[in-house]
Structure formats: C-alpha cells, structure tokens
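Hello,

Here is the structure we talked about handing over. My notes on it follow below.

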Amino acid sequence: MVKRRFLSLLTIAMALSSRAVAEEAVDFNRDIQPILSNHCYACHGQDAEARQGGLRLDRREDALAGGDNGPAFVPGDPDSSALVARTLSTNPDEQMPPPKVKKTMTEADKQLLVRWVKEGAEYAKHWSFEPIKNAAPPSVFSKDWPRTPVDHFVLARLEKSGVAPAADADRTAYLRRVTFDLTGLPPTVEDLQRFLEDSSSGAYERVVDRLLSSTDYAERMATIWLDNARYADSNGYQFDNARTMWPWREWVIEAFRKNMPYDQFATEQLAGDLLEKPTKDQLIATGFNRNHGYSIEGGIIDEEYRVTYANDKTTTAGTLFLGLTFDCTRCHDHKYDPLSMEDYYSFYAFFNTSAETGAPGDKGFKKKAAEPVVEFDANEQEKNAPLVMIMAEKPRETFILKQGQFDQPGEKVEPRTPDVLPAFEGYSTNRLGLAQWLTSSQNPLFARVTVNRVWQQFFGAGLVRTPDNFGLQGERPTHPELLDWLAADFRESGWDMHHLIRQIVLSATYRQESRHRTELDDPDNRLLARGPSFRLPAEMIRDQALAVSGLLNRKVGGPSVKPYQPDGVWEDLNAPKSHAEIYTVGSGSDLYRKSMYTYWRRAAMHPGMAVFDAPNRDVCVVERPTTNTPLQALATMHDTTYIEAARKLAEKILRQGSEEISDQVATAFQLVLTRSATDKEMRILNEVYRDRLARYREDSAAADKLLAIGESEVDPTFDRSELAALADVCLAILNLSETVTRK
Amino acid sequence: MDEIESTIRKISRRRMLQLGAAGLGGMAFSSLRASQNSRPLIGGTPLPDHPAKAKRVIYLFQSGGPSQVDLFDPKPALAKYHGKDIFQLIEQKGRLTGFTNGHKIHPVIESKYQFSQHGENGAWMSELLPHMSKITDEFCTIRSTSTTPVNHDPALTFMQTGHNLPGRPSFGSWLSYGLGSMNRNLPEFVVLLSRGDLGNMQPLNNRLWGNGFLSGKHAGVRFRSGAEPVLFLNDPAEKPITDRRRILDAINQLNEEELARSGDPAVETRIAQYEMAFRMQSSVSDLADLSDEPESIYKLYGEDARRPGTFAYNCLMARRLAERGVRFTQLYHSGWDHHFNLPDHLPKRCRETDQASAALILDLKQRGLLDDTIVIWGGEFGRTTFSQDGKVKESYGRDHHANCFTTLVAGGGFKPGLIHGETDDFCYSVIKDEVSVHDLHATLMHQLGIDHERLTFRSQGRDYRLTDVHGKVIKDLLI
C-alpha cells in the first residue's frame, strides 16, 4: 500500500521534472551534495557515533553496501531505490529526513535526487578538495569588453544568462572606489585632478600602481588581517587586561609594504621560529599564533586553558589557510565534511607543542604566563622594551580528547594533515612542515581561500560566499573556473599580492558602475553584472572624516592609541579596583591616528568601532556584517570625532577664501564625496546653510557650544556664526548615505 | 512628538507610493515591521510557532554565583557534619576549581543563617531575604539548576549564550532575531549594570550581551545610568529639537536623491534608521525621566531606586522598559563571588537586591504585566557546601559549584509558588528533576512561543541554536 502510493507520487514527480531533465545533467557537487549534506549527513555521514541504521551516504561504496535496511539506491533505477522511496514518502514513520528533525526537503530537491539516481548516482569529490584546474579563460562574444582575464569568466556567464554588463563607472567613481579599497581613504582633490587630466593610455594602471606602493595600502591590508588573526590589545576573557602585541602588527604592515610573497607571509607567521637562524622579525611574526585571548581568572585549571589555546591556534589556521570548520571536529567526527576527530587532533598536534603553560598570568601579564616572549627593539626611546609573545617548541605528546575534554585523553596521534587532502609526506612533522605543505602546489585550498578573501575585499562578497567554509556545507563558488584561474595565477606569480590585486581592480568587471539593476533578479550581485557597493567598514568611516578635515595623523605603527571615547565604557564593567582598566583619552595628534591603531579592548570595544560592526576579535573573523542601525546615526551625528572633523573641514574651506556660500558648500561636498554636487543637492545644502547662519547670528552662544567641541583649536580668523553654520553643513554631508558607502 | 510622527508618516507614505508593494517587501525597515508579530521564515514557518504565554523577559542576573545553601536550599545535615571532609561522605562528581582541587580536605561548613518557611507553599528562605520571603507564592523556585563550567568566564558565557566559549549570540539576541521588536522607539534588547562594593567582583564582558554570528542589530544595547543612557544619544552642541529636525530633513532629502540614483535598498534603510535615531532621543529621555513615579513606588522598591546605577534603580527601569515593549531586559548585579568571608559580603548583596527584586515582581503584577513577563533571578553557578577558606560560622568562604544551584522564575506562565527539584543532603548533586542550562533556555523559549529546535541560524555551514543540540522543555515548571 505504502509502496504503491510512493510510486504514483514518483510518477508525478518524474512528470513534473521532465522539463528539467531536458536541461543539463545533474552535477553531484552542484546539485546533490548540498541536499545530502543539509538533510542526510548529520545521521548518515561520517560521524560514526551519530550514525543511524548503519547507513552512510557520504561515500558511494557505503551507500551501495547499505545499512540495516539494504542499499540506499540502485543506480539507474529510482523505482527500486530506498533513498527515493523514503524521501518521497508522506508516511511520517517512513519519511526521510524524519519529520522530527525538522529538515524538510523541497520538491525540487526530491526531484533532483530522483534524476541523480536515474542518471547513475555518481559521486564526485567535493569541489574544494580537487586540484586547482587551470582552465584557459573562456571565449566570449563581446570581445572588446574584457580588460583582464577575469572578465572572460564573468562575461561568459553573463552572456550565457543573456545579461549585458553594466556600463563603466566614470573616472571619479572609479577613483573613489579603488582608493578606498586599496588604501582605506578617499582620494584627494589633487588625485582626482591628476587622474581626470591623464588622457594617455595606462592612466588606470598608474593610479593602481601609485596606490599599491603607498604605506596606506600596507595599513589597509594589515587592517583586514588583524580581524583574521584576531589581533587585540587586551587578553580577553573576564579581566581582559592589557597586553603588548602591537610589534606583531608592525610586522604585518611591513610585510604588506614590502609585498612579501604570500606563502612567506603565511610561513613566517605560522612557523618563523622554526626557520633556520630566525631573525627577530621572524620570531615576532609567530605572535600570530598567540593573538588569541588568555585568561587570568583565579581558579582555572592550567591544562584546560592550555588546550583551549591550542584549539584556538588550530581552528584559526584551519579557517584562514584551509577554509575548513575544524571547530566542529573537536568533540566528534565532522557531521558534514570528511574530517574525523583523528584528523583534527593530528592537525592540532602541530600547535599542541607550543611552549606555553596555560597558567593564569598576573595583571600586567608581563611574566611567566606570557612566555615564550621576545624583546622588541622599539624605535622610540622606551624605558622597558616591550615583550611580545611568540612561539617556541616544547615536545609534547598529543592524544585525541574524548568529547573535546582536556582530561579525557584517548588514542595517541602524530602531527599530520587531514586524510582527505593531499598526503603529508616528506615534510617535517612540525609547524614549519605544515606551512610548507599548506603553501605547496598540491594543496588546493590555501590559494583558493586566499584569493577568495582578496576578492571579497573588492566586491564585498567572495566568489565563495562563505569565506570561512569551503566544506560541504559552504556555498559553491559563483564562478568556479574564475576562482581556480585566480588561484593558479596567484600561485604562479610567486604569490605576488600586487599581481593578484591588479588582475582584479583593473578588470572591466570591477570597473562597472554600481547602480542596482532591479530589472535583474540578482539583488546579491551573484552574476557580477554591476559594480560592487557596500557600506564602508568602521575604520574607513572615521578615517575618511579625519582625512577630509585635515586632522588625520599619518604616523605609521607604534603602540595603540586612545581617541575620544565617552566616559565609563571601560569603567562600568564592574572590575574590582585591583584589576580595573582605565581609559585615558589621548591628547594632541594621538586623537587623530588611523582607526586601525585605536586601542582594541575585547571586553569593551571602542563604541565608534563596535557600532559599525568591527568584531571584538575574540575569535578569527573573515567576514564582517554590515548592519544599518539607529545607533550608527547617533554616533556620526553626535560623536566628538565627527563634530570636530566637520568644524575642521569648515575651517579648511573658509581658508580657501571664497565668500560665496554656494562655493563653500560645493567645496565641502566635493571634498567629502569626491564628485560635484548636483543642482538639487546644492539647493538643499544652501538652504540649510542659510538657515543655520541666521540661527547662529541670532544666538551666538549656540555657535560657541558647537565650536567648543573637540580638542583642536578654533581658527580665530573666521566669523564664528559662519564657521558654525558651515560646520553643520559639513556634518550633514558626513552623515549622508553616499558618504559611508563605497560604490 | 506629534510633529515628528507626522513627518515620519509623511515620508513613509510617500515612499510607499514610490516603491509600490514590491519595494516595501524588500525593505529592512524595522519600524514598519514593529507592530507585526510574525517574523521572517525560520525553518519553514513563521515565529512564534505556537501561542506565546510570555512576550518579554527581565533577567536579574546575579553575577559571581550566589550561595544557594545560604539563601534558598537549607541543609540541616551540614550542622551535623560540620568540619568533616565532604568527600569522605559522598563521592566526588564533576570538577573542582583550581582554588580547591589542591586542598587535602574539603570541610563541610554549615550556614550561618537561619531559614524559615514562608507563604502558602511553605518555601524555606534565608533570613537574608526578608522581602523575597514575603512573596514566595509568586515565583517558582528551581533548586535543581545545573551547569558544567566551574569558572566564571565560561559559566557566564554558557548561561548567557548556551555555550562556554566566546562567539555565540546571547539569549536576548536570539529573541531579537527570532521575534523582532514590539516597539518603535527603543531597542529590543537592553542591558543594565549595577554592582555592590568593589570586593569579590567578577568583571563583565560586552560579549555576554553580544550578537555573536547574528547581525549586529541584534546586539544588546547597554543603557548607562545618568544623563546619557545610550551612547551618543545627546547632541553635545545641544541644538534644540527643531534645529535637529531641520538638519535631519536635509539629510533625508539628500538621501532620497541617492536612493533614486543608486536603487540601493540600504539607502532606504538608512533613512529609516536616522528617523529612529531621532525618535530615540525623545523616547530614551522620556524613559529615564522618573519624575512621573509616585512616592509609593520608592516605598516599594526602596530608597536606592532614586539613585541611578543601583540595582533597585535598574529594577525600576526594567519595569519602565517592559511597559514600553522592550523584549529582553538584562540586568547584571556583580559581587556574588564569595570565596572568602562570605558572612561579610553576602548580606550586603542581599540588602542591595532583595527588596527591589520583590518589588519588581509585585509592581509588574499590579500592572497586569507579570502574566506575560518572565522574571528570572539567578547566577552562573552555585557554591560548595564545603568551605574554601575558614571553618567557623563567622567567617567562611565557598568555592564555585556547578552541579546544583537555585534559580527563581516568576511570571510568564511559570507555576507560581512551585518548588521544583531536589538536591542531596550536602547540596552537592541534584537528586530529582534536574534542570540544565539548556533545559532552562528551552523552557523559557517555549513560553515565548519558540520551539528551541527550530530557531536556528546558519553560520560556517552549521545550523546553530541557543540550545546547541540539547535542551528539553520542562513542562512541570509551567502552568
């Protein structure tokens, strides 16, 4: 009875899908793996502990061998396949997935499974574990559109979808876009003028080369890496007291400034201490592994925390260099990916030999618990040279920890990389060997994961939309061949970051205008049929205000600084006096350093950073959300930083000498937004200016209040009412949506 | 406010005409959604997925680990075995902290405090809590709460996020994500901090009310005591409201231009958020202005309620937030970590919190709000019945204890007056009706109309829940 019902359902399903069958064949990686992974593997996957009915579906031979109820399917014969019958069943006792697990399969998914079995139920290795395919860029019809090989891949897909690319952004928009992306700052008026006047060929290339060779570029790249590598100025956990890791940040900036080959960039950070005769810089680089939090809570058990720290090192490396969610395998075999606990603890073994104790430190965290450390030769004359945490080896056996519990060691394991990836043979079994294996041409993930993050920097989203997960539950790339081509090209260039970036930012794809194309059903821009547009990251919003107002202090490196912050943000966290951290607002030019140098306290983030989605860096982060909240509006309207920047911008404009209100407004607009205001925009702003001026003329105390905000002095040469009115206009411009968006 | 509202209505109406229905559907315009109770699809059907008994939560978190054995769960046996090594009497189970695992003996210590029975339910309460003792029939006493971590940071993190390592969203963030806002002028998730004296203090960390992998708009917003409850709320130039409105209008007009030009829905949202920010300047000031509270209220909550930054003030504020439709209000009161000289510290914490905790419950009740508001009172773990330091009744200290502790829950469909669960004679283990942290979370969510297994968020390819892969609804606790 049950069987007959499902057969008739099956017939309907087949009929419904007949149109789809006429299309291209089912692709396991694209069509089937996501369905199986989402709905089946939690109980029929590689985690033996969780496996139901003895059935394993993630490998073809196991699925064919079957479980307690026989084989999962008969290739080519959906009518005789249990997998088909069970997924199509409407009987709650038979249905898969069982209703109680609340993972309903869509009709489309079911039909795909039927087609797949009909076509032979072939499996394929998960795409990201396959070697990188270096396919030649495909040919396209619109031969004159592509500018770099990237464009061939993008255009081929657009042409297949019958969509034309968007028009080129104008030079002004391009310059603003590429300058923010590469330096974190807006272009200056002079930059724009030079670019607009450069009519010779190679003008775009010259802009990009100029930006790539700037220190701003190095700082911009480093800022992203600080999130990835969970850099902070405090130790995290409850007490979250101060630490000194900024010399490591210095190393990162310098590495990008020199355009250090990326394999070396990764190797020195993972294993600089194991290089032959390591330099002090190479030792400092290994601070990467120690950027995580350290607890100083009384009553903790040292070994528990030593294990926690080793886990953090392991999962961070797993995310950044392999795009794998290792964290899932600490307590059980991975539910989705072919990663076992043994794989995890064998990888963890590389980091388990770190010569640290896990013991709680003292308040200053200067002594034992921080070891091993190295003394940093500060340029400035400091009494005590700062000590930076680094890596050193201390042999230690590694065991699988049952349930991830530090005090329940199981089987002993040796350092190695996961079985599903190319063999770890011929490498020394330490972090250096690991780094060499990671960056070798056999490992397909390192290059893919890296170019994906770089792509994300320029397009707001990666080609793989889940930059932290290249496993089965991650998204497939929107442009798989492009991802592989970029990965191969990056590797062949000798891991040259400048080269990779040029391929991207000089492409026609990147140059498209960003206007949303509502006629396409593609709000997330997966087709790349327009230029990217997204809200600026926290640092850029503030740095832009400082830059256009002339306040920005361009000093590079050094210890973190403490810009304006409302009282009580740190002090209200109820720390006892003995452990209280006090925020003392800096003075002078320290107030105007780039935001990447703002003191990063994990337990109490700087509110100007936190409100714009900067992470607290408790853990490795490869993607920041971009929210849009009322608290952001309050910050940019009322934070001293922005009011003062608006006033300094007004002073800068008045200093240029024009007495015409509309000239002043036009200049303000241009300085902030790079482009000229339209007539309508001019009209709106001129009106506000006149209103505000009238207001301040009748109430000079109101102007005094506004002008008193911020530590910098007020230029006494200007009429105070005019200055205040123009400052209000400037603050309004700093609050425009376009101002905080990179289009 | 009328003027403001009409401006907003005008703008909204105009935009609706511009966009048509399709445009509105795509807008993340939280204030438009505010009056609706249904939310985006989660796991297939909209939330709430069953009728909710409760709409909001007030969590009176007592940070540090209050001693259940000195407050709620009296153990006469302790007097009999006073001074004896507890592990000669019962088997050790679970972990000791680094404070006491090196100790050779772990001497049982009796409580210094007198217990007596109260209410129709005959609940035993310590003399340290005279006000809560009067209302034992109003709340449910869970004597069998249990957790796993034995240190503050992981235990706090576990209680607030369902996991002991950093990175997961807080309970309030999950609710904000799952149920959305009930009001147009205030955040969904508000945090208020207070503390006792500076001894025995465990600091708090912003991530306890953090959004984890959820969108930042679900993060708890800490309201500070004093003139500026929300950071950057006030214009330091003190412009009058009409001036601020004028400038905001210009910003809006310019953003409308940008919206037309770019077609970017984020611009639309930003316009709405600037309006919300403008409204908050009035609504938050109104919230913090206690001049409309009668004298009787201060009699109820105590004189402390007049002083911003106290627990009592925060309790009063919590009631005002509940009245204004804030979904989740999280209070933290610090200073319950009594390793040493408990008799010196514990009475102070009780004096700071007892009257106001009881007052909040009574006040909500008299306003008809208790039926659909859940009030939780409890810490991240309990304390050992053996002494960590000192062996005499006048001066002893107790270490962290994860196996069992007491949590109180009032309102929101929890059985008033119920005494749930039992611990053994040494208050060492639960012997009946254990309620794990995950169970507690599952039960709270159930009352809010959420199946805890269905409120999920996919991060790194995994569907995460507040209750991880655990938790069951404890029906016995519910009416």
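**Backbone notes and the A/B contact**

Q403(A) is exposed, because 10 other C-beta atoms lie within 10 Å (exposed means 12 or fewer other C-beta atoms within 10 Å of the residue's own, buried 20 or more, partly exposed in between, with C-beta atoms placed from the backbone). Q403(A) has a positive phi, near 55°, and is not a glycine. Its place is the loop between β3 (398-401) and β4 (409-413) of chain A; helices (H or I, at least four residues) and strands (E, at least two) are DSSP runs, numbered from the N terminus.

This is a predicted model: local features need pLDDT of at least 70, side-chain atom pairs count only at pLDDT 80 or more, and totals for chains, interfaces and linings use all residues. Residues are numbered from 1 along each chain as its sequence is written, while chains are lettered from A and ligands numbered from 1 in the order in which they are written.

L528(A), also not a glycine, has a positive phi near 60°. L528(A) counts as buried, with 27 C-beta neighbours inside 10 Å, and sits in the loop between α22 (508-511) and β5 (534-535) of chain A.

The peptide bond between M96(A) and P97(A) is cis, with omega about -10°. P97(A) lies in the loop between α6 (82-88) and α7 (107-118) of chain A.

On the contact, chain A gives 75 residues and chain B gives 63 (two residues are in contact if their C-beta atoms, placed from the backbone, lie within 7 Å). On the side of chain A that touches chain B, α25(A) supplies the largest share, eight residues.

Regards
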